[in-house]
Amino acid sequence: MDRLVSRAFWHRRKLAGKLKQLREILIENLVRSEFPVDSCREYLPAGCRSKLVTQETIHSLLKLSPGLAEYVSRDATTLFLVLVAASRALEKNEDKFVKILQSCKDSKMTDQLLPIMIKELGCVGNAGAVSCTHHSALDVFHGTTWSTSLVDDFYTYQPKFYPPPVFGSERFRYKVPIVSVLPFEVENGGNMKPKRGHFSDVYSVILHQSHHDPSLGNIVPTAVENGLRVAIKQLKLVLPDQEYNIEQAWENEISALEELNKFAHPHLIKSMAAIEYGSHRLMMLEWADGGSLREIWNKEDGGAKRLDATRIQCVLDELHGLAGALSMLHETKTKTIPPKRLSNALPVARQHQGVPSLELPVDNSGETDNHGGMEHWRHGDLKPDNILSVKDPKGERWLGTLKIADFGLIKRHEFETDRRFAQTQQTYTTLQYEGPETLVNSHLPRSRKFDIWSMGCVILEFAIFLLYGKHGLGLFGSEQHRASFNKSTETLYFTVHNGVAEVSSIAKHWINQILQHPECQDRDSAIRDLVELVQNDLLVVNVYDKTKKSRATAKQLEESLKGFKEKAAKTSGYLCGAPSQATAETPTVSPEIFSPKPTKKAVRVPGRMGKTLGEDLRLIAENLVLSPPINALLKATADGFQEVRTCVEQHPDFEERLEADG
């Protein structure tokens with residue numbers, strides 16, 4: 001824009017021909033769009049258009065009649081700009097340019113008829129053309145003035161000057177012609193490497209400052225030098241899943257986002273626009289510059305040595321905010337038509353893949369999603385990857401503001417669950433943060449308390465991070481690789497035996513380990529209260545039976561966290577113990593896991609499965625749990641196998657002793 005002001009065409013005298021001067025100014029002020037990555041093109045920002053195309057400047061430039069200048073500024077701004085850019089063949093004859101412009105006015109040719117596929121008309125330059133099927137205003141292109149070079153330039157420059165959308169808070173859905181250019185750039189010449197997901201990719205881009213109204217900047221205050229930093233979520237057009245339908249996925253997701261915009265909660269990621277652009281399906285969202293919660297855990301050191309009251313207070317504040325957002329969603333009723341399922345898979349089919357099914361009584365508690373035409377909102381896929389951080393501008397809060405994201409799965413969750421169960425080789429590690437009702441209760445309507453189980457998982461991992469750092473989280477995650485971990489009936493948080501779900505021994509081990517940590521043992525502390533909340537109220541299998549202890553609601557979770565914050569304000573030392581208690585204890589994994597052994601020189605035994613006899617025995621023990629016998633070594637009795645397994649588990653040096661004995 002500075003170039004526009006400093007080199008304003010009505011002050012320049014060095015170049016002959018004002019039409020040529022204007023054309024140069026237009027070309028110089030084109031900006032390159034960087035998105036979508038397969039359609040990088042140039043466009044003229046809206047601010048330049050408004051500066052250049054006014055009745056006063058047009059009249060002073062080309063001495064147009066007042067009526068023609070008014071026509072350009074009111075009805076044909078884009079057409080005028082395209083003709084100026086395409087006017088190389090007319091630079092020595094400005095009168096011909098004015099004649100073409102006057103013929104457009106006489107034919108009632110306006111911007112509303114753009115874009116024009118001029119090369120597809122078939123009658124351009126044919127003065128004798130009759131019975132054309134196009135709009136009568138396009139008869140203007142029959143004139144002999146439309147030379148081949150002028151037509152080529154019109155075709156080339158029309159996309160550059162077709163106005164890109166200007167986004168605002170009053171409108172959510174945009175259908176943008178593919179001939180237009182989206183006003184997105186990359187900051188400082190950066191790359192467009194996205195964050196990839198199963199259903200979509202997410203890009204960080206800059207929305208040009210001329211292409212959003214001030215209200216949008218107030219909603220999403222992520223201003224940079226030349227615009228607003230936003231996230232663009234692009235749905236994938238094709239997936240390996242044969243049942244995937246992008247149009248259904250698109251409609252489900254943007255319908256959800258449109259409704260969620262009404263909530264305006266500070267702990268929900270804000271959505272600004274849904275954009276249909278040719279075959280592209282794009283969502284413009286608030287950019288979370290702090291990354292995901294998982295990324296924070298991976299970057300931060302964490303651990304007891306870094307514990308202090310400020311950090312834990314920040315954790316309580318953000319967890320309370322997230323719980324408040326969930327509570328608002330869960331308590332809001334919206335009269336809607338249930339979304340279309342994105343798969344025709346029948347839930348009963350899951351029983352034929354080794355997946356237990358448990359018949360439970362129908363929920364009459366009002367906690368299911370749909371009843372009486374009223375839909376309660378739930379997220380359906382809460383996990384550290386879908387909790388994003390917006391940095392604190394002052395840098396005072398290490399977590400920034402945590403916000404729940406990826407609400408499209410509200411409408412898509414049923415498809416995703418069906419997809420997982422339909423693949424016999426798919427493991428439950430993808431379901432790590434989902435409640436046990438995904439497996440044992442899949443035929444019943446999904447409860448809002450499904451999100452509460454997920455929050456319990458997140459809070460437990462937060463406690464592990466606070467006390468043991470990212471190393472502790474790594475150890476916790478490694479539990480799924482232990483020998484006895486059955487991926488068909490087990491996650492890190494629950495197990496299913498004979499159709500009955502229970503909290504896993506892994507989760508119980510880590511909860512007990514945290515409660516015995518000096519920061520929690522024999523003292524009233526925030527971390528202790530958080531973990532006991534997880535143990536007693538969040539990781540609770542029962543959702544439907546009112547006669548038994550049931551999982552907490554979002555409102556109860558919010559109230560509990562509010563109580564912890566109030567206790568912190570009143571109780572000295574509640575947030576963090578004395579420095580002497582902040583010991584860097586090393587966490588332990590649950591007893592069932594086989595810890596890796598140090599590498600030692602091994603003796604190869606011919607004809608064995610493994611490299612050593614000890615390894616053979618361990619493989620036997622593992623296969624006892626994981627699969628039927630697979631070779632001659634597994635033809636012994638089950639009792640014999642169990643004896644070997646017991647020896648290996650009870651005597652960590654059993655392998656070495658066998659190897660030493662040859």
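Biologist: Among contacts in the chain between residues at least 6 apart in sequence, what percentage join residues at least 24 apart?

Modeller: Bear in mind that this is a predicted model, where local features need pLDDT of at least 70 and side-chain atom pairs pLDDT 80 or more, while totals for chains, interfaces and linings use all residues. Residues are numbered from 1 along each chain as its sequence is written, and side-chain values use heavy atoms, with hydrogens and water left out. A contact means heavy atoms within 4.5 Å. Taking the contacts between residues at least 6 apart, the share that joins residues at least 24 apart is 70%.

Biologist: And what percentage of the 662 residues count as buried?

Modeller: Buried means under 20% relative accessible area, exposed over 50%, and partly exposed in between, with a 1.4 Å probe and protein chains only. For the 662 residues of the chain, the buried share comes to 51%.

Biologist: How many residues of helix α6 are buried?

Modeller: Helices are DSSP runs of H or I with at least four residues, strands are E runs of at least two, and both are numbered from the N terminus. Helix α6 spans residues 77–85 and is mostly covered. Its buried residues include Thr77, Phe80 and Ala85. The buried count for α6 is 9 of its 9 residues.

Biologist: Now to strand β3. Which residues make up its uncovered face?

Modeller: In a regular strand, side chains alternate between the two faces of the sheet. Strand β3 covers residues 173–176, and Tyr174 and Val176 sit on its covered face. That leaves the uncovered face to Arg173 and Lys175.

Biologist: Which residue forms a salt bridge with Arg173?

Modeller: A salt bridge is a side-chain nitrogen of Lys or Arg within 4 Å of a carboxyl oxygen of Asp or Glu. Arg173 is partly exposed at 32% relative accessibility, and its partner lies in helix α10 (residues 246–260), so the pair ties together parts that are 78 residues apart in sequence. With the closest N and O atoms 3.2 Å apart, that partner is Glu251.

Biologist: Glu42 forms a salt bridge with Lys160; how far apart are the closest N and O atoms?

Modeller: Glu42 is in strand β2 (residues 42–43) and Lys160 in helix α8 (residues 148–161), so this pair links parts that are 118 residues apart in sequence. Lys160 is buried, with a relative accessible area of 19%, whereas Glu42 is partly exposed at 30%. The closest N and O atoms are apart by 3.3 Å.

Biologist: Which residues are linked in a network of salt bridges?

Modeller: The structure holds 30 salt bridges. A network of them links Asp317, Glu318, Arg397 and Lys565.

Biologist: At what angle do helix α12 and helix α17 pack?

Modeller: Axes are lines fitted to C-alpha atoms, for helices over the stretch in contact, and angles run from 0 to 180 degrees between N-to-C directions. The axes of α12 (residues 309–331) and α17 (residues 526–538) are 11 Å apart, and the angle between the helices is about 35°.

Biologist: Which residues of α12 and α17 make the contact?

Modeller: On the α17 side the contact uses Ala526, Ile527 and Leu530. Ala, Val, Leu, Ile, Met, Phe, Trp, Tyr, Cys and Pro count as nonpolar, Asp, Glu, Lys and Arg as charged, and the others, Gly among them, as polar; on that basis the contact has 6 nonpolar residues, no polar and no charged. From α12 come Ile312, Leu316 and Leu319.

Biologist: Last one: what is omega for the cis peptide bond that joins Phe35 and Pro36?

Modeller: Most peptide bonds are trans. Pro36 lies in the loop between β1 (31–32) and β2. The cis bond from Phe35 to Pro36 has an omega of about -5°.
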